[in-house]
Amino acid sequence: MSQSNKMSVMQLTILTAVNMMGSGIIMLPTKLAQVGALSIVSWLVTAVGSMCLAYVFAKCGMYSKKGGGMGGYAEYSFGKAGNFMANYTYGVSLVFANTAIAISAVGYACGFLGTTLNPLFTAIATIGVLWLATVLNFGGPKYTGGVSSITVWGVIIPCIGLAVIGWGWFSTDMYIANWNVNNMAFGEAATNSITMTLWAFLGMESACANADAVDNPEVNVPKAVLGGTLLAAACYIVSTNIMFGIVPASELLKSTAPFGMVFAHMFGGTVGHIIMGLMVLSCFGSLLGWQFTIANVFKAGADEGYFPAFLQKITSKGAPIVGMVTITCIQSLFGLMTISPSLNEQFETLVNLATITNIIPYLLCMAAIIVIMKAAGHEGSELKTTTFIAFIASIYSLYACYASGFEAMTYGAIVTFLGWTLYGFASDKFDLEKAKEDNSKIA
């Protein structure tokens with residue numbers, strides 16, 4: 001790529017922030033309302049933890065010579081088993097996450113149409129949205145990318161708009177009244193919301209994929225990743241906290257479309273409906289892109305021999321249709337299994353599961369950074385600094401696991417243990433020759 005065609009640091013920073021924002025924030029105010037404005041503690045903890053994770057991922061992307069994303073990074077320290085587990089748990093987390101995104105779309109669509117659905121019909125509508133996104137992805141990556149790059153502004157515009165103009169409706173008295181609605185202790189408030197705030201930053205690991213598109217990547221990629229994460233954090237923190245100064249937390253807690261409700265309070269029902277419509281489009285566009293991404297994650301694993309060969313199949317337009325259909329069938333099952341009395345409870349259950357399984361590849365990559373950097377010949381103060389940051393990121397990730405609750409940890413552990421079993425069934429393709437060599441040495 002010529003120098004003139006490369007992105008500036010600012011352009012890459014904005015791109016990184018946009019990739020993270022997607023649909024992660026649009027249902028968060030409802031969850032955060034359980035704590036109140038004190039949930040800013042969770043945002044601040046998550047912002048620091050996410051910046052540490054993002055920094056290490058940037059270093060992984062710059063110095064790793066293996067392909068395959070997080071799986072390739074993990075392989076440096078954990079071999080083929082680590083590569084498999086990183087790709088497997090990441091793929092599973094996206095299965096959960098996309099079901100949660102579809103639920104967000106249903107929630108905002110209900111607000112837009114002025115209707116409510118019982119738990120069964122919510123699940124049916126969620127499944128319908130998932131299948132619609134899958135079918136539209138049959139057009140291939142060019143179509144998917146074009147749609148997603150437009151629809152993402154449906155969430156960015158309301159968030160930035162609220163952060164800029166919402167101060168005109170902000171009431172200090174309202175904010176104080178919403179500060180700690182359930183009289184939680186400081187630590188309990190942080191723990192209560194930590195998985196939900198981390199959810200908003202999922203996707204930061206993809207930022208280093210653009211290293212070749214910027215000048216001087218060893219210097220500029222970490223700047224862009226940290227700047228993008230900080231930009232997203234500022235947008236999240238400001239927009240959600242302004243809400244607590246505009247409407248009562250009790251109203252946010254009951255809402256299935258919190259951004260639409262706040263804009264309706266500020267400008268009337270028509271503007272609120274427009275915001276709801278934008279959020280529905282953004283959610284669906286994000287779902288479209290991530291459904292395609294899941295299929296490609298499993299396709300990459302199938303190419304390496306980790307997953308069944310049928311997941312490798314793609315059409316002439318580059319769409320892994322067989323994989324997408326298979327994954328959507330599994331998501332449909334999860335949609336039925338997680339039926340809850342309220343849409344918000346179902347959303348929270350899926351987000352916790354997605355966060356837990358997504359943390360596994362995070363921990364593997366944080367642990368592998370020392371080997372990655374030493375193999376690339378980057379030691380000294382840079383290695384010490386990166387190792388310290390990776391340690392902080394790992395502690396934060398483990399804290400997020402704890403904060404997700406024992407139910408999510410239990411189900412996440414079962415999914416992870418299943419992964420080890422599945423790797424055992426496929427490991428003869430990678431480990432058989434080594435096992436034979438070891439046996440011959442012993443003999």
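**Salt bridges and their setting**

Author: Lys80 counts as partly exposed because its relative accessibility is 28%, where buried means under 20% relative accessible area, exposed means over 50%, and partly exposed is what lies in between (1.4 Å probe, protein chains only). Before going further, please keep in mind that this is a predicted model, in which local features need pLDDT of at least 70 and side-chain atom pairs count only at pLDDT 80 or more, while totals for chains, interfaces and linings use all residues. Residues are numbered from 1 along each chain as its sequence is written, and side-chain values use heavy atoms, with hydrogens and water left out.

Lys80 forms a salt bridge with Glu75, and the closest N and O atoms of this pair are 3.7 Å apart; the term stands for a side-chain nitrogen of Lys or Arg within 4 Å of a carboxyl oxygen of Asp or Glu.

Four salt bridges are found when the whole structure is searched. One of them joins Lys59 to Glu382, with 2.7 Å between the closest N and O atoms. This pair links distant parts of the chain, since Lys59 lies in helix H3 (residues 40-63) and Glu382 in helix H16 (residues 381-403), 323 residues apart; helices here are DSSP runs (H or I) of at least four residues, numbered from the N terminus. Lys59 is buried, as its relative accessible area is 5%, whereas Glu382 is partly exposed at 22% relative accessibility.

Another salt bridge brings together the side chains of Asp303 and Lys299, at 2.9 Å from N to O. Both residues lie in helix H13, and the four residues that separate them amount to about one turn of the helix. Asp303 is partly exposed, with a relative accessible area of 41%, while Lys299, at 17% relative accessibility, counts as buried.

Helix H13 (residues 269-303) also has a neighbour in helix H6 (residues 141-151): the two axes come within 8 Å and cross at roughly 150°. Such axes are lines fitted to C-alpha atoms, for helices over the stretch in contact, and the angles run from 0 to 180 degrees between N-to-C directions. H6 and H13 are therefore roughly antiparallel to each other, a description that applies to angles over 145 degrees, with those under 35 called roughly parallel, those from 65 to 115 roughly perpendicular and the rest oblique.

Returning to helix H16, Ser381 is placed there, and this residue is exposed, with a relative accessible area of 58%. Although Ser381 and Ile275 are 106 residues apart along the chain, their C-alpha atoms are separated by 48 Å. Leu231, for its part, lies in helix H10 (residues 217-244) and is partly exposed at 44% relative accessibility.

Note on methods. Helices (H or I, at least four residues) and strands (E, at least two) are DSSP runs, numbered from the N terminus.
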